[in-house]
Amino acid sequence: MRTIDWVDGAIEIIDQTVLPGELKILRLHTVGELVAAIQSLAVRGAPALGVAGAFGVALAARVHADDPPALAAAVHRVENARPTAVNLARGARRAAALLPHGPRAVLEEACRVRDEEIAASAAMAARGADLMVQLCGARPRLLTHCNTGGLAAVTVGTALGVVHELHQRGQLAGVIASETRPLLQGARLTSWELSQWGIEHRVAVDSAGPFLMARGEVDAVILGADRICANGDVINKIGTYAHALGARRAGIPFVVVAPESTIDLDTPHGGAVPIEDRGPAEITPWAAAVNPAFDVTPHDLVTAIVTDQRVLTASPAAMA
């Protein structure tokens with residue numbers, strides 16, 4: 001099943017806000033419905049958001065074909081629905097480049113974005129599995145963060161796609177999925193996907209990750225990215241930086257798996273990325289709170305980045 005797709009003139013998504021309790025499909029007929037789904041995290045994950053951006057423009061092209069100002073406003077809404085992940089705006093702009101050729105051309109381009117992300121997931125899974133065995137030996141014990149499976153990437157996934165590939169090869173000893181505050185995307189979504197695949201795993205509170213590494217229960221950390229900057233800094237779900245520090249102290253690999261579409265050479269470093277704060281309501285209703293959705297992991301803490309085209313070190317020279 002695909003996380004997001006175009007079906008009979010509308011966008012269909014798996015509603016990730018109700019998992020694991022319910023597998024619910026939403027049909028989105030308007031740009032407003034799509035933007036609400038993106039902002040509520042009903043659809044999320046950098047590759048899936050890139051597809052959402054492209055399909056959102058295709059939807060706008062159909063609805064506002066005879067109203068150029070309304071079309072431009074709708075495209076802007078899609079492009080800016082969330083600020084941190086680069087794929088959303090990139091997918092929207094790619095589809096928008098076809099607007100002069102009409103709604104059909106826009107939809108065809110959006111479908112190409114979808115198909116490229118599906119192919120990228122398969123390529124990353126194979127390349128990443130090879131690297132993990134090279135770095136850790138046979139049957140590594142992995143810690144992952146947030147959700148990087150098919151829910152985040154249409155099918156298969158990025159880092160969790162590598163986990164699935166290792167499992168398929170019989171080369172995986174086990175997985176620790178950090179719960180991932182504030183919305184528990186590891187505990188809810190990653191655990192659900194691992195269960196669907198029959199992969200043995202445990203869920204750990206985020207703050208336990210570095211201690212579990214120090215205690216020798218983890219052979220490597222493997223996770224995704226919402227943006228990789230020109231200097232190799234990695235923007236990912238809050239808690240990633242702490243896991244990177246833990247991995248460095250424990251002397252184990254810290255590997256990022258993300259498609260080439262997530263590398264943003266126009267952003268020089270992590271300090272230039274707007275970090276979304278989701279407000280205190282998701283944490284506590286009775287106290288002031290800071291709730292950043294993402295953090296910045298400096299490039300020198302990253303062992304390797306696996307993309308659909310290559311394996312590289314997180315250095316400015318390698319990013320180009």
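Contact, in these legends, means heavy atoms within 4.5 Å. Everything shown comes from a predicted model, where local features need pLDDT of at least 70, side-chain atom pairs count only at pLDDT 80 or more, and totals for chains, interfaces and linings use all residues. Residues are numbered from 1 along each chain as its sequence is written, and side-chain values use heavy atoms, with hydrogens and water left out.

**View A. Helix 2 against helix 5.**
Two packed helices are described by the angle between their axes and the distance between the axes. Here helix 2 and helix 5 pack at about 170°, and their axes are 8 Å apart. That makes the two helices roughly antiparallel (angles under 35 degrees count as roughly parallel, over 145 as roughly antiparallel, 65 to 115 as roughly perpendicular and the rest as oblique). The axes are lines fitted to C-alpha atoms, for helices over the stretch in contact, and angles run from 0 to 180 degrees between N-to-C directions. On the helix 2 side, look for P47, G50, V51, A54, F55, V57, A58, A61 and R62; they meet P103, V106, L107, A110, C111, V113, R114 and E117 of helix 5. Helices (H or I, at least four residues) and strands (E, at least two) are DSSP runs, numbered from the N terminus.

Strands of a sheet pair through backbone hydrogen bonds, either parallel or antiparallel. This open sheet has three strands in the order 1-2-3, with antiparallel pairing; two strands count as paired if DSSP finds at least two bridges between them. Strand 1 (4-7) and strand 3 (25-28) are the edge strands, each pairing on one side only. Ignoring direction, neighbouring strands in this sheet are turned by 30° against each other on average. Strand 1 and strand 2 (residues 10-14) run antiparallel and are joined by four bridges, and V7 sits opposite A10 of strand 2. Helix 1 (residues 31-39) lies across strand 2 and strand 3, at about 140° to strand 3. Helix 2 (residues 46-63) lies across strand 1, strand 2 and strand 3, and runs at about 25° to strand 1.

Side chains of opposite charge can pair when their charged atoms come close. A salt bridge here is a side-chain nitrogen of Lys or Arg within 4 Å of a carboxyl oxygen of Asp or Glu, and by that rule the count comes to 21. One of them joins E12 to R27, with the closest N and O atoms 2.9 Å apart. E12 belongs to strand 2 and R27 to strand 3, so the pair ties together parts that are 15 residues apart in sequence. E12 is partly exposed at 22% relative accessible area, and R27 is partly exposed too, at 33% (buried means under 20% relative accessible area, exposed over 50%, partly exposed in between, with a 1.4 Å probe and protein chains only).

E109 forms a salt bridge with R94, and the closest N and O atoms are 2.6 Å apart. This pair links distant parts of the chain: E109 is in helix 5 (residues 103-136) and R94 in helix 4 (residues 86-96), 15 residues apart. Buried or exposed, what is E109? E109 is buried, at 11% relative accessible area, while R94 is partly exposed at 29%. The other salt bridge pairs R169 with D130, the closest N and O atoms being 2.7 Å apart. R169 is in helix 7 (residues 159-169) and D130 in helix 5, 39 residues apart. R169 is partly exposed at 34%, as is D130 at 45%. Salt bridges with shared partners also join R2, D5, R114 and D115 into one network.

Strand 8 (residues 227-229) and strand 9 (residues 234-237) pair antiparallel over two bridges, and R227 stands opposite I235 of strand 9.

**View F. The buried side of helix 10.**
Which residues are buried in helix 10 (residues 240-250)? They are T240, H243, A244, G246 and A247. These residues cover an arc of only 165° around the axis, which puts them on the same side of helix 10; the arc is that of the directions from the helix axis to the C-beta atoms. An α-helix has 3.6 residues a turn, so residues three or four places apart point the same way. Just after helix 10, G251 takes a positive phi of about 70°.
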